[in-house]
Amino acid sequence: MSQMDRRQALKLLAALGATGLAAACTDQGSGYETPPLSDEPVKIGLVVPQTGGYRQIGDEMADGFQLFLNLNDGRLGGHKVNLVVADEGETAASGKAAVEQLLRGGVVALTGIANSSVMLAVGDLVEKAKVPLIGSNASPTSLQGVVYIWRTSYVNDEPGRALGPYVAAHVAGKVALVAPKYAAGEDSIAGFRQGFGLSDPRISNPIIWTEYSSTPNNTFFQSTVQQVRLMNPEAIYCFFAGAAGVEFVRQVRDGGLRQTIYAPGFLTEGTALTQLGPKAAGIVTALNYSSDLSNAANQRFAAAYRRNHEGSPTTYAMASYDAAQVLDKAIRLAGKTVTPQVVNRMLARVGQVDSPRGPWQFNQPRTPQQKWYLREVERDGPLLSNVVIDELTMLG
């Protein structure tokens, strides 16, 4: 099916009546035609940035989780949900404080977390509390051996691992590697180097590390651009997201650099693509999701999302929607004993998830075994879009 055909199909689905669409999505989300109901609520804590440079990502994460609730009568596993949202903020300290606040409130489970530094900061806290956390974005490679932390997103090095072999096969000259010096940036560069070939001379130049900032100004990357210019590479691989990604691409292009930019798909997700406009054209990314994927689960999800929000859903919204899906299944499996420990045991039994990204399931490290897609920013009708070019690999 062509990209235009998919868009036409999605528009037709979006035009369906609210009742019919909600019923379809309810069956897709819970997997039960007649879900049992309960008047006993379950309290779920959602940790997302509500302030700072990652607020837009936090909004999309919250929107994805809430969409599942909206389409399932505000219930998970047949229980009404008391959803308590805490502001992750921009730092490890603010994120840890948000998790501590929710744990004191007696939640059955936690979900969310955008920043890898926050995920690392709360790991021991969650494990000691024995309350399951279903992370729907941040996923540091170093987070190992956990019992109560699950992730519906990815592992930080996986986008680079998926994209590295493709870049190695399509770029003859040097590749400049650029990323902020913090956990997620280091994981991304390590994954790309592994996929590309650790000893390949085309990536032997020193890595260009930047300071970490979620809200860089319009001169923040000037020295970075100059370092890339002096290297004179054929291509650039970078890791940035949100406002930092927008500023990096702007300053690279305004600095006269025209090399193809390769990156994990966060660089051009959501509002970033709109803000960059023509400067984003030709950027090639790897991601576990695209809103134009042609499968029944995505068509239902994307149509429902577009009915409630401007624009198309992102990987942040999708992974949070899936976090609600797996909680729905685990809580239903828990039956009448809905405690954090029982829910955590049931998370191991949710099996295959019928996701908008395509079917996936948890592997032993509690992260998804899933497909990765090659995308390129190109014009799709009147708008620029992350168009899926191919499937790259299966990881997890």
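Arg161 is partly exposed, with a relative accessible area of 27%; partly exposed lies between buried (under 20% relative accessible area) and exposed (over 50%), for a 1.4 Å probe and protein chains only. The model is predicted, so local features need pLDDT of at least 70 and side-chain atom pairs count only at pLDDT 80 or more, while totals for chains, interfaces and linings use all residues. Residues are numbered from 1 along each chain as its sequence is written, and side-chain values use heavy atoms, with hydrogens and water left out.

**Salt bridges in total**
- A salt bridge is a side-chain nitrogen of Lys or Arg within 4 Å of a carboxyl oxygen of Asp or Glu.
- The count by this rule is 12 salt bridges.

**Arg161 and Asp157**
- Arg161 pairs with Asp157 in a salt bridge whose closest N and O atoms are 3.9 Å apart.
- Asp157 is buried, at a relative accessible area of 10%.

**Asp200 and Arg202**
- The closest N and O atoms are 2.8 Å apart in the salt bridge between Asp200 and Arg202.
- Asp200 is buried with a relative accessible area of 17%, and Arg202 is buried with 18%.

- Glu269 and Arg375 form a salt bridge, with 3.0 Å between the closest N and O atoms.
- This pair links distant parts of the chain, 106 residues apart: Glu269 is in the loop between strand S10 (260–264) and helix H10 (271–276), and Arg375 is in strand S13 (residues 368–380).
- Helices (H or I, at least four residues) and strands (E, at least two) are DSSP runs, numbered from the N terminus.
- Both Glu269 and Arg375 are buried.
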